[in-house]
Amino acid sequence: MRRPACRLDAVSDQALTSGTAEAEAGEKRVSWAELFFDLVFVVAVTRVSTLLEDDHTWAGVLRGLVVFVPIYWTWVGMAIQTNQVDVSAVMVRMRMFAIALAGIFMALTLGEAYGALGVTFAVSYWAGRLLLAAGLVRRQGLDAFKTPYGVSVVITGPLLVLGALLDDVSAQTAVWALAALIDLSTPTLLRGRLRRMHMDAGHLSERFGLFVLIALGESVVAVGTSTSTESFGLRDGATVAAAFVLSCGLWWVYFHFAADAVRHALATAQVQLDITRLVLSYGHLAFIAAIIAVSVGMHDSIQHPDEALGWGAAGLLVGGTALYLATFGFTRWAMFKLVSWTRLGAAAVTLVLLPLTPHVSALSTLVILAVVLIVLNTVEMLRVQRGGWRELLAVRREAAG
């Protein structure tokens with residue numbers, strides 16, 4: 001069927017989600033226990049940000065990403081399992097809290113994960129994955145070891161422990177990076193076994209949206225903790241305002257236009273695993289990593305607003321913003337086979353500004369990025385309004401057919 005011409009990116013999000021019958025009364029909702037579980041990962045995101053604040057180099061960014069993947073993968077595993085079971089069951093909650101404890105140890109040892117506490121970090125991850133696999137064994141028997149949970153128990157958990165025992169940091173990073181790649185690739189490699197999984201679209205999309213919100217919270221924390229109130233003046237106020245507007249812009253791009261589209265795509269997909277794998281597992285890893293990078297760049301900018309950012313901080317702030325926007329191009333195509341022209345365009349504009357960043361003040365960089373986000377969101381809203389009901393109906397019909 002020929003795809004109708006859609007004049008804008010945001011139309012597809014709004015059209016595909018408006019008026020759908022997905023918010024039924026019996027829909028599974030995120031539980032208080034799951035929200036409590038997520039508090040552990042607030043700590044983890046903060047610790048990863050601290051790692052990047054201490055080392056802006058490419059090697060530092062790589063090490064930060066490598067240790068974040070096991071934390072993220074533990075959270076993803078729990079989110080998918082709670083989507084499949086009744087979280088009010090006592091044993092499920094106890095296992096969830098035990099996995100949260102493993103997550104706490106992972107978060108607390110992040111600062112020395114490449115040093116004296118590497119083994120503790122690795123064992124904590126392995127323990128968390130063992131607990132996740134145990135929950136699946138009760139329902140699937142030994143077939144549970146033919147899933148991503150089993151791969152983590154048999155291969156990646158031991159690899160992390162092996163890497164932690166190495167004396168050389170570069171060798172440890174290489175082994176841990178291999179483990180991260182294996183974990184991330186398992187949903188694709190095991191697609192044939194997993195393709196019949198059924199997900200509650202509203203619940204799972206909300207879970208991943210909450211993790212995005214956790215990451216965005218780190219950008220707000222960066223605004224609050226990086227500002228000195230001892231000599232707070234007009235310049236400092238302008239910096240805080242620009243940083244907060246940038247955070248709001250990042251929130252708006254995801255939650256005003258994209259969050260409901262993810263839910264719709266998951267609810268209507270012929271193979272839900274493909275949306276779970278590409279958009280949720282992979283796409284949201286990029287979203288969250290990008291927001292963490294932006295938060296670290298904000299921290300440096302607010303502390304020294306009159307100075308130009310170094311290449312490392314500029315790469316995190318500007319590059320993180322560009323990655324965040326560009327990832328919508330990937331997720332939009334994965335969901336609807338549509339090109340996200342406005343967001344890809346905004347990402348390109350942001351990247352063009354990167355070489356200029358070390359030559360202007362940090363405050364100027366924040367203002368420019370905030371303006372880019374304001375223009376992007378304004379253009380998308382205006383185009384949605386101008387699209388009219390005929391175009392929206394055409395997109396709805398195309399999605400349904």
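This is a predicted model: local features need pLDDT of at least 70, side-chain atom pairs count only at pLDDT 80 or more; totals for chains, interfaces and linings use all residues.
Me: Where does helix 6 bend, and which proline follows?
Reply: Helix 6, residues 148-164, bends by about 35° at Val-154. Pro-158 follows within four residues of that position.

Me: Why is Ser-49 called buried?
Reply: The relative accessibility of Ser-49 is 1%, and the cut-off for buried is under 20%; Ser-49 therefore counts as buried. This serine lies in helix 2, residues 32-54. Leaving aside residues up to four places away in sequence, Ser-49 touches Glu-218, Ile-292 and Val-296.

Me: Why is Val-67 assigned to the buried class?
Reply: Val-67 has 0% relative accessibility. Since buried requires a value under 20%, Val-67 counts as buried. Val-67 is a residue of helix 3, and its contacts beyond four places in sequence include Leu-51, Phe-121 and Trp-176. Val-67 and Thr-173 are 106 residues apart in sequence, with a C-alpha to C-alpha separation of 9.0 Å.

Me: How do the axes of helix 3 and helix 4 cross, and why is the pair described by that orientation?
Reply: The axes of helix 3 (residues 58-84) and helix 4 (residues 90-108) come within 10 Å and cross at roughly 170°. Angles over 145 degrees count as roughly antiparallel, so helix 3 is roughly antiparallel to helix 4. Among the residues making the contact are Pro-70 and Ile-71 of helix 3 and Arg-95 and Met-96 of helix 4. The contact residues comprise six nonpolar, three polar and one charged.

Key. Residues are numbered from 1 along each chain as its sequence is written. Side-chain values use heavy atoms; hydrogens and water are left out. Helices (H or I, at least four residues) and strands (E, at least two) are DSSP runs, numbered from the N terminus. Buried means under 20% relative accessible area, exposed over 50%, partly exposed in between (1.4 Å probe, protein chains only). Contact means heavy atoms within 4.5 Å. The bend at a residue is the angle between axes fitted to the seven residues ending there and the seven starting there. Axes are lines fitted to C-alpha atoms, for helices over the stretch in contact, and angles run from 0 to 180 degrees between N-to-C directions. Angles under 35 degrees count as roughly parallel, over 145 as roughly antiparallel, 65 to 115 as roughly perpendicular and the rest as oblique. Ala, Val, Leu, Ile, Met, Phe, Trp, Tyr, Cys and Pro count as nonpolar, Asp, Glu, Lys and Arg as charged, and the others, Gly among them, as polar.
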